[in-house]
Amino acid sequence: MNENVSLQEALIYAMVMVSAADSSMTDRELHAIGEIIKTAPAFRGFDPQRLLPVAQDCSERLQAETGMADTFALIADSVPLSYRDTAYALAVEIAAADLMVAREELRVLQMLRDALGLDKLTVAAIERGAQARYRGA
């Protein structure tokens, strides 16, 4: 694939794919994506008004016959090596946002980490951190 999107767009694609994996984007997930875009350093300079068009573009890409595989490849092509752990961490945040990770979300996370070529130790650390942040009392 020769096509690329911006780093910020690729990060949004990763979050949207996880959120939509179980066929329902919850309000908590949508709120989490919005907050990440407002606060994460990776989104510095990104216009929050572009979130909806970028999310819609991702959704349209996923509708194609090989949409999921092509979108994972696009994310991998667009995210520099130094941001691959960030892409996975943001996706995990969205999966954890509604306090219940569906089997479909776990599968998308697995496919994302494979596409990004992340090692098991990095993946475990990111996932453990999310568990600690979202643990209830």
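How much space lies in the largest pocket? The largest pocket holds about 300 Å³ of space. The model described here is predicted. The points below begin with that pocket, pass to the nonpolar core, and then turn to charged residues.

**The largest pocket**

- The lining of the largest pocket consists of 14 residues. Val92, Ala96, Val101, Glu127 and Gln131 are the lining residues that lie nearest the centre of the pocket.
- Three helices, α5, α6 and α7, each contribute at least two residues to this lining.

**The largest nonpolar core**

- The largest nonpolar core has 43 residues. Those that touch the most other members are Ile12, Met15, Phe43, Ile75, Tyr88 and Leu112.
- At least two residues of this core come from each of the helices α1 (7–20), α2 (27–39), α3 (51–62), α4 (67–78), α5 (84–97), α6 (103–116) and α7 (120–134).
- Helix α1 provides the largest share of the core, with 10 residues.
- Tyr88 has contacts with Leu109, Leu112, Arg113, Leu116, Leu118, Val123, Ile126 and Glu127, when its neighbours within four places in sequence are left aside.

**Ile94, a buried residue of helix α5**

- Ile94 belongs to helix α5. Its relative accessible area is 0%, so Ile94 counts as buried.
- Apart from its neighbours within four places in sequence, Ile94 is in contact with Met15, Ser19, Glu29, Ala32, Ile33 and Ile36.
- Ile94 and Thr66 are 28 residues apart along the chain, and their C-alpha atoms are separated by 24 Å.

**Salt bridges**

- How many salt bridges does the structure hold? There are six salt bridges in the structure.
- Glu35 is partly exposed, at a relative accessible area of 30%, whereas Lys38 is exposed, at 59%.
- Arg133 and Glu93 also meet through their side chains in a salt bridge, at 2.1 Å from N to O. Because Arg133 lies in helix α7 and Glu93 in helix α5, this pair ties together parts that are 40 residues apart in sequence. Arg133 is exposed, with a relative accessible area of 52%, while Glu93 counts as buried at 15% relative accessibility.
- A further salt bridge joins Arg113 to Glu127, and their closest N and O atoms are 3.2 Å apart. Arg113 is in helix α6 and Glu127 is in helix α7, so the pair ties together parts that are 14 residues apart in sequence. Both residues are partly exposed: Arg113 has a relative accessible area of 23%, and Glu127 has a relative accessibility of 28%.
- A network of salt bridges links Glu3, Asp57 and Arg61.

**The surroundings of Arg113**

- When neighbours within four places in sequence are left aside, Arg113 is in contact with Tyr88, Leu118, Val123 and Glu127.
- The C-alpha atoms of Arg113 and Ala76 are separated by 9.6 Å, and these residues are 37 residues apart along the chain.

**Buried charged residues without a salt bridge**

- Not counting residues up to four places away in sequence, Glu105 touches Val18, Ser19, Ala21, Asp22, Glu29, Ala95 and Met100.
- Arg84, located in helix α5, is likewise buried and has no salt bridge. The nearest side chain of opposite charge to Arg84 is Asp77, at 5.8 Å. A salt bridge requires a side-chain nitrogen of Lys or Arg within 4 Å of a carboxyl oxygen of Asp or Glu.
- With its neighbours within four places in sequence left aside, Arg84 is in contact with Ala76, Val79, Ala115, Leu116 and Leu118.

Terms used: Residues are numbered from 1 along each chain as its sequence is written. This is a predicted model: local features need pLDDT of at least 70, side-chain atom pairs count only at pLDDT 80 or more; totals for chains, interfaces and linings use all residues. Side-chain values use heavy atoms; hydrogens and water are left out. A nonpolar core is a set of buried Ala, Val, Leu, Ile, Met, Phe, Trp, Tyr and Cys residues joined through side-chain atoms within 4.5 Å. Buried means under 20% relative accessible area, exposed over 50%, partly exposed in between (1.4 Å probe, protein chains only). Helices (H or I, at least four residues) and strands (E, at least two) are DSSP runs, numbered from the N terminus. Contact means heavy atoms within 4.5 Å. On a 1 Å grid over the protein atoms alone, a cavity is a set of points where a 1.4 Å probe fits but cannot get out, and a pocket is an open set with protein on both sides within 12 Å along at least five of seven lines; lining residues have an atom within 4 Å of a point. Grid points are joined across faces, edges and corners, and a volume is the space filled by probe spheres set on the points. Lys and Arg count as positive and Asp and Glu as negative; His and the chain ends are not counted.
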